[in-house]
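Subject: Structure handover

Hello,

Here is the structure for you to look through. Please open it first, then read my notes below.

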Amino acid sequence: MISVIIPIYNTEHYLRRCIDSVLASACKDMEVILIDDGSTDRSAEICRRYCRKDARVRFIDQKRKGVSAARNRGIDESRGEWIVFVDSDDFVSGDFLETVAKEKYQSQDMLIFNYEKWDKRKRWEKGERKRTGEISYNGRENAGKLIEKILRAQQLESNGKANLRSPWAKAYKKSVLDRYKIRFPEQISMGEDRLFNIEYQWRAWRRLYIPQTAYFVQWRKESASHSFHSDYIQRDYHLQKMQKQFLENCNLLPALENAYYDSVLSNLTHVLIKGIFSPYSPRSYRENCRLCERVQRGSLYREALQYSGQSGDKIGILPRRALLWCYRHQYYGIVNLLCRLCYGILLRI
């Protein structure tokens, strides 16, 4: 059985498409667990209707606790051998779950697929998907390589389109999740997907990349990942601490030191763009400069900037290095200008 876990929060306009795409799968041995995380729109009502129509659908209604708590509740309630996560504003291809259920894949601990972004202007035809050979990533050595790719936000293969940081477009073995008590960290609200996948990669043994497009991500400007949060800096700092602690506990930090600092510096770029000099921030320029100074005094960011300086500022691509060089030398006026003029571009580096 495959357990499809769908956390839901105020996505009534997309929810039917999401659930329909899952139920339309040729794979019938599955359960669909809908967890409404305190929605204030009609999402819960839509979920109840699907429960009445299809016995494979289960509905859990809980107070607002966050997406990590919703996903964890789904894992705890699941009965399947495979766990598949689907965000409620996204949808899956018709052959995604059927592929996961194939007999030849049942010895794997993890299946990784490609994804595509979707918006109103884009249509994706099944015949356009190009398939290359499957690739195995078995053993502890490959776990380290995959964790490095997660830290650096890199693709598995140069011609692939798999998001190693996200929980979607993947299938996880329930036995691995339960044996090592792997769950999404509920104490943080940013980067929880990354920590979950880093730990799972470390614990899993057999991983297979199946380069077919199985998942479609709905691009929404108003989504949480594109919103301004006044506590963005605190969120990121907490994430970096937990990430470093896990790498140290597993004795991975010495081998992945450069990748770890690359990750910290990449997030620091996002802190500057989304957390300090965001065009949606209500703070004044002077307040932002004082905030820059406080952030620079934080030990994790300070260590990363020092590491970057010692390595000749060679970590990351040139635009990011230029931005962080200006920041490290306290040229906040230039930093402010770069962040505001290049807001849309720099968010993707």
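Accessible areas here come from the Shrake-Rupley method with a 1.4 Å probe. By that method, the chain exposes about 16300 Å². Carbon and sulfur atoms supply 48% of that area.

Keep in mind that this is a predicted model. The mean pLDDT of the chain is 90, and 91% of its residues reach 70 or more. One stretch calls for care: over residues 125–129 the pLDDT is below 50. Beyond near neighbours in sequence, that stretch has five contacts in the model.

**The whole chain**

The chain holds 14 helices and nine strands. Its C-alpha atoms fill a box of roughly 60 × 45 × 40 Å along the principal axes. Of the 349 residues, 56% count as buried. Now take the contacts with a separation of 6 or more: residues 24 or more positions apart account for 79% of them.

**Helix α8**

Helix α8 covers residues 232–249. At 1.5 Å a residue, its 18 residues should span 26 Å. The end C-alpha atoms are 26 Å apart, which agrees. Several residues of α8 are buried, among them Y232, I233, L239, M242, F246 and L247. What do the buried residues of α8 pack against? Their partners are α5 (139–152), α7 (192–203), α9 (257–276), α10 (285–297) and α11 (299–310). Just after α8, N251 takes a positive phi of about 60°.

**Helix α10**

Helix α10 has 13 residues, which should span 18 Å at 1.5 Å a residue. Its end C-alpha atoms are 19 Å apart, and that agrees. The buried residues of α10 are N288, C289, L291, C292, V295 and Q296. They cover an arc of only 160° around the axis, so they lie on the same side of α10. An α-helix has 3.6 residues a turn, so residues three or four places apart point the same way. Which exposed residues sit on the face of α10 turned away from its buried side? That face carries R286 and R297. The cover over the buried residues of α10 includes α8, α9, α11, α12 (318–328) and α13 (332–341).

Best wishes

Conventions: Residues are numbered from 1 along each chain as its sequence is written. This is a predicted model: local features need pLDDT of at least 70, side-chain atom pairs count only at pLDDT 80 or more; totals for chains, interfaces and linings use all residues. Side-chain values use heavy atoms; hydrogens and water are left out. Helices (H or I, at least four residues) and strands (E, at least two) are DSSP runs, numbered from the N terminus. The expected span of a helix is 1.5 Å times one less than its number of residues. Buried means under 20% relative accessible area, exposed over 50%, partly exposed in between (1.4 Å probe, protein chains only). Contact means heavy atoms within 4.5 Å. The arc is that of the directions from the helix axis to the C-beta atoms. pLDDT is the predictor's confidence in each residue, from 0 to 100.
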